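Please view the sequence and the model together before reading on.

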Amino acid sequence: MALAAKANLEVKQAEVVADAGYYNAAEVRPVRGGGLTPLIPKADTSANTARGLYGKSRFVYDAKKDVYVCPAGAKLTHRFNTYELGRELRYYRASGCKTCGLKKQCTRNKSNRTITREENEHLMEAMAARMKAQPWKFKLRKELAEHPFGTIKRWFGYTHFLLKGLEKVRTEWSLTTLAYNLKRS
């Protein structure tokens, strides 16, 4: 969608702000390569975090050594690569977790903590750094982009499309936005 918008607006570079639902390397990689700078917040969907354990965000990745460092200072080294669900993953595993004092806060695994890293995770980390440095941009997006949709739903009671097929839905959406714009003016 961002690449199509870039083509329609005839711009060479732009920043793209999107919902957390688009936070994955498959969405970010083509946008980043197309002269666009994505700003997408990360939703913490970690099962460990939900259980009150240390999430991946508590571990620091050292790119030069290709290791993760845990909160206790131990290193998780690269063990193997695999391809799962259309993504290339690298697996990192610690050793010595059985004797670590933080094991109860870190993992329920009987042996050692394991972390995965996607092939393009460096893009995601760079985007997270941009989001942290410029949080006001996502807040502005919410103010600008969410208002029209909320207003259309509330004013018109419009919760779903009535027609089927892309051409008919586009026409229905065009009429709805025309009515919205007339009412706003």
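What volume does the second largest pocket have? In this predicted model, the second largest pocket has a volume of about 580 Å³.

**Second largest pocket**
- The lining consists of 24 residues, and Met1, Ala2, Val16, Val17 and Ala18 are the closest to the centre.
- At least two lining residues come from each of α1 (2-9), β1 (14-17), α2, β2 (36-39) and α6 (135-156).
- This lining comprises 19 nonpolar and five charged residues, with no polar ones.

**Largest pocket**
- The volume of the largest pocket is about 1100 Å³.
- Its lining has 33 residues, and those nearest the centre are Lys42, Ser46, Lys56, Thr116 and Glu121.
- Each of α3 (47-50), β6 (87-93), β7 (114-118) and α5 contributes at least two residues to the lining of the largest pocket.
- Strand β7 gives the most to this lining, namely five residues.
- By class, the lining of the largest pocket contains 12 nonpolar, 10 polar and 11 charged residues.

**Packing of α2 and α5**
- Helix α2 (residues 25-33) packs against helix α5 (residues 121-133) at an angle of about 80 degrees, and their axes are 10 Å apart.
- The two helices, α2 and α5, are therefore roughly perpendicular to each other.
- On α2 the contact is made by Ala25, Val28, Arg29 and Arg32, and on α5 by Leu123, Met124, Met127 and Arg130.
- Five of the residues in this contact are nonpolar and three are charged, while none is polar.

Technical notes
Residues are numbered from 1 along each chain as its sequence is written. This is a predicted model: local features need pLDDT of at least 70, side-chain atom pairs count only at pLDDT 80 or more; totals for chains, interfaces and linings use all residues. Side-chain values use heavy atoms; hydrogens and water are left out. Axes are lines fitted to C-alpha atoms, for helices over the stretch in contact, and angles run from 0 to 180 degrees between N-to-C directions. Helices (H or I, at least four residues) and strands (E, at least two) are DSSP runs, numbered from the N terminus. Angles under 35 degrees count as roughly parallel, over 145 as roughly antiparallel, 65 to 115 as roughly perpendicular and the rest as oblique. Contact means heavy atoms within 4.5 Å. Ala, Val, Leu, Ile, Met, Phe, Trp, Tyr, Cys and Pro count as nonpolar, Asp, Glu, Lys and Arg as charged, and the others, Gly among them, as polar. On a 1 Å grid over the protein atoms alone, a cavity is a set of points where a 1.4 Å probe fits but cannot get out, and a pocket is an open set with protein on both sides within 12 Å along at least five of seven lines; lining residues have an atom within 4 Å of a point. Grid points are joined across faces, edges and corners, and a volume is the space filled by probe spheres set on the points.
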